[in-house]
Amino acid sequence: MYITNIETIPGKTIVEHFGLVQGSTVRAKHIGRDLMAGLKNLVGGELKGYTELLSESRDEALQRMIREAKSMGANAVVNVRFATSSVAQGAAELFAYGTAVRVE
Amino acid sequence: MLRVLAQNADLVIFLFLTGLGYTAGTIAERRHYSSISRREAELLRLPVVTFKNPYPVEALRGGVMVMGSVVISIDYFKRLLAILRNLFGGRVTSYETLVDRARREAILRMKDAARRKGCDIVVNLRLETSAIGQSANNRKSVGCVEVLAYGTAIALRRP
């Protein structure tokens, strides 16, 4: 599966377009991590727990997008974009979308 | 002496947290900035651009999407400064450095991922910033920002 965020796959030619594919996930942070983050918040700096949590969730959103693309018969997704929004207090939605294509 | 301290317990705690935030936050920020500039110098040979692929098809060996993200929070003292700044308006310098650090760190992680994949340049960089603790100034919630940097890492054919 080729994934890029430009309109082409370098070194390949696009032979067929399948249209929009998307994947999203909504994640809440759990209490243990929140507590640690609260403590870390006093001194500032990177919140590793949150960084991990968000990158895991973003991977899952990407995987869902890829699964949708595969079910259409595509072997690549081009022009991928990400969006993040906090839907409720303490929960974030991570969203990935792109165009499914077949390349040779 | 002890009685005076006990009577003003919340003031003492407040001053302690402010002092802790100031010292630890300043040290952490300075250390982070020096690490950022060191790694930026190391990765100088791997450029990042925001336009789309400038190379002809024959020059390309392959490409893959890379990303890097980081969540950084502000310290207690700087949050206090920002809350005070809210009264008068103007530049909130304490938040400017926070977002600057987060952005440069995210770009560095993305570059690192590109280098590990053996690529030569990252094109079409996109940056996204989001505040995950609903309002960064709310005392109850965690004041932090997440920055995501993503782009397409391209490997070139060597002549």
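For chain B I noted a mean pLDDT of 85, with 92% of its residues reaching 70 or more. Among the elements of chain B, helix α4 (residues 93-116) has the highest mean pLDDT, 92, whereas helix α1 (residues 2-7) has the lowest, 78. I keep in mind that where pLDDT is low, the predicted coordinates should not be read in detail.

Next I traced the sheet, which is open and has four strands in the order β3(A)-β1(B)-β3(B)-β2(B), with antiparallel pairing. Its edge strands, each pairing on one side only, are β3 (45-46) of chain A and β2 (121-131) of chain B. I followed β2(B) to strand β3 (residues 144-156) of chain B, with which it pairs in the antiparallel sense over nine bridges; B:Glu128 has B:Leu148 in β3(B) as its bridge partner.

Last, I turned to helix α2 (residues 9-42) of chain B and helix α3 (residues 76-88) of chain B, which pack at an angle of about 110 degrees with their axes 6 Å apart. The angle falls within 65 to 115 degrees, and therefore α2(B) is roughly perpendicular to α3(B). By class, I recorded six nonpolar, three polar and one charged residues in this contact; among them, B:Leu17 and B:Tyr22 belong to α2(B), and B:Phe77 and B:Lys78 to α3(B).

Key
Residues numbered from 1 in each chain as written. Chains lettered and ligands numbered in written order. Predicted model: local features only at pLDDT ≥ 70, side-chain atom pairs only at ≥ 80, totals over all residues. pLDDT = per-residue confidence, 0-100. Helix = DSSP H or I, 4+ residues; strand = E, 2+ residues; numbered from the N terminus. Pairing = 2+ DSSP bridges. Axes fitted to C-alpha atoms, helices over the stretch in contact; angles between N-to-C directions. Parallel < 35°, antiparallel > 145°, perpendicular 65-115°, else oblique. Contact = placed C-beta atoms within 7 Å. Nonpolar A, V, L, I, M, F, W, Y, C, P; charged D, E, K, R; others polar.
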